[in-house]
Each structure stands twice: as structure tokens, then as C-alpha cells.
Amino acid sequence: ATPGGGGRERWLAGMRKAPLIVVPHANRSAYLERYAEADKGWTDRSTQRWPVPYWYVDTGFAALLMLLTAVDEGLGACFFGIPPQRLAAYREAFGVPEEFEPIGALTVGYRAADHRSASLRRGRRPVDEVVRRGRWS
């Protein structure tokens with residue numbers, strides 16, 4: 001989601017100036033194929049053994065590493081989702097095969113001045129609401 005009000009326009013203007021956009025894609029077939037190889041211990045491509053779709057998780061980790069690398073290099077970067085209604089146009093424009101699923105996009109460019117988000121006014125949740133030690137009680 002984009003910030004509301006004037007912040008939204010500032011945010012969009014900055015995003016449109018980014019000289020680089022990276023779109024990480026997950027590929028379930030490639031992931032399942034790799035884990036069906038002999039060195040992994042399975043021979044089928046079943047999704048039943050996966051408690052969550054790690055092909056998305058791993059792609060998200062890759063996106064996070066790109067963001068951290070950009071910041072480490074003194075650049076600015078932002079991850080954002082591609083709206084579902086724009087996916088078909090994105091796929092057509094870049095010839096993206098169906099088995100590749102974009103998980104979002106990252107803009108990379110020069111840092112802009114920081115602007116504090118209005119959402120910070122609501123404050124942080126108490127630690128005991130977000131951290132569990134041992135069991136939930």
C-alpha cells in the first residue's frame with residue numbers, strides 16, 4: 001500500500017525516477033524439480049511435504065537481500081507489490097512465462113530524503129503482544 005495524501009504523490013514521483021526496477025519471480029516447478037533430485041532424498045514433485053510454499057519464501061529472501069545490498073551500497077530501494085489487475089499487462093509487456101510468478105518489484109536508485117510516515121503516530125505495540133517466550137498462555 002502507498003502512503004496516503006501528499007506523501008503518496010511524493011512516493012510515486014520518487015519511484016518513477018528509479019533507474020532500476022527488479023522483479024523477482026518464484027518458479028514452483030523449478031523448485032520442486034530441484035528437490036526431486038537424488039541428493040535431496042525425494043524422487044517425486046509432491047507439494048504435500050512442504051508446510052508452506054518455500055518457492056515464495058526463498059524468492060522473498062532474495063528480494064530482501066537485494067534491498068539490504070542496495071542500502072549497504074548507499075542507494076535507496078523499495079519493495080512494492082504488483083497489483084493483481086496489472087499482472088496480465090506486466091506478463092505481456094515482458095513475455096513472462098506462466099510458470100514464473102512475480103512476487104513484487106524493487107526499485108533501486110539514489111536515496112531520497114527520509115519522510116516520517118504518518119502511521120508512526122500510532123506507536124509501537126507492547127512487546128508482550130508481539131513476542132512469545134516459550135508457550136502462548
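Let me start with a term: buried means under 20% relative accessible area, exposed means over 50%, and partly exposed is in between, with a 1.4 Å probe and protein chains only as cover. By that rule Arg125 is exposed, at a relative accessible area of 54%.

Hello everyone, and a few ground rules. This is a predicted model, in which local features need a pLDDT of at least 70, side-chain atom pairs count only at pLDDT 80 or more, and totals for chains, interfaces and linings use all residues. Residues are numbered from 1 along each chain as its sequence is written, and side-chain values use heavy atoms, with hydrogens and water left out.

How confident is the predictor? The pLDDT is its confidence in each residue, from 0 to 100. The protein averages 88, and 94% of the residues score at least 70. Confidence is highest in strand β2, residues 25-26, at 98, and lowest in helix α1, residues 6-17, at a mean of 73. Over residues 1-5 the pLDDT is below 50, and this stretch has four contacts in the model beyond near neighbours in sequence. A contact here means heavy atoms within 4.5 Å. As for the names, helices (H or I, at least four residues) and strands (E, at least two) are DSSP runs, numbered from the N terminus.

Now the annotation. An unreviewed UniProt entry gives "domain: Nitroreductase" for residues 11-110. UniProt positions are in the numbering used here, feature names are shortened, and annotations may be inferred rather than shown by experiment. In the model, that span is 41% helix and 19% strand, and its end C-alpha atoms lie 13 Å apart.

On to the charged pairs. A salt bridge is a side-chain nitrogen of Lys or Arg within 4 Å of a carboxyl oxygen of Asp or Glu. How many salt bridges does the structure hold? There are six. One of them joins Arg125 to Glu129, with the closest N and O atoms 3.4 Å apart; Glu129 is partly exposed, because its relative accessibility is 41%.

Another pairs Arg34 with Asp39, at 2.8 Å between the closest N and O atoms. Arg34 is partly exposed at 32%, whereas Asp39 is exposed at 54%.

Then look at Arg91 and Glu98, whose closest N and O atoms are 3.8 Å apart in their salt bridge. Is Arg91 buried or exposed? Arg91 counts as buried because its relative accessibility is 15%, while Glu98 counts as exposed at 61%.

Next, please find helix α3, which spans residues 54-72 and contains Leu64. Leu64, Leu65 and Leu68 make a nonpolar surface patch of about 280 Å². Patches are made of residues with over 30% relative accessible area and no salt bridge, joining like charges within 9 Å and nonpolar side chains (Val, Leu, Ile, Met, Phe, Trp, Tyr) within 5 Å. Leu64 itself is partly exposed, at 42%.

Leu67 lies in helix α3 as well. Leaving aside residues up to four places away in sequence, Leu67 touches Ala77, Cys78, Phe79 and Leu106.

One last stop is Leu120, in the loop between β5 (105-110) and α5 (127-130). Leu120 is partly exposed, at 48%.

Technical notes. Areas by Shrake-Rupley, 256 points an atom, 1.4 Å probe, with all protein chains shown as cover. pLDDT = per-residue confidence, 0-100.
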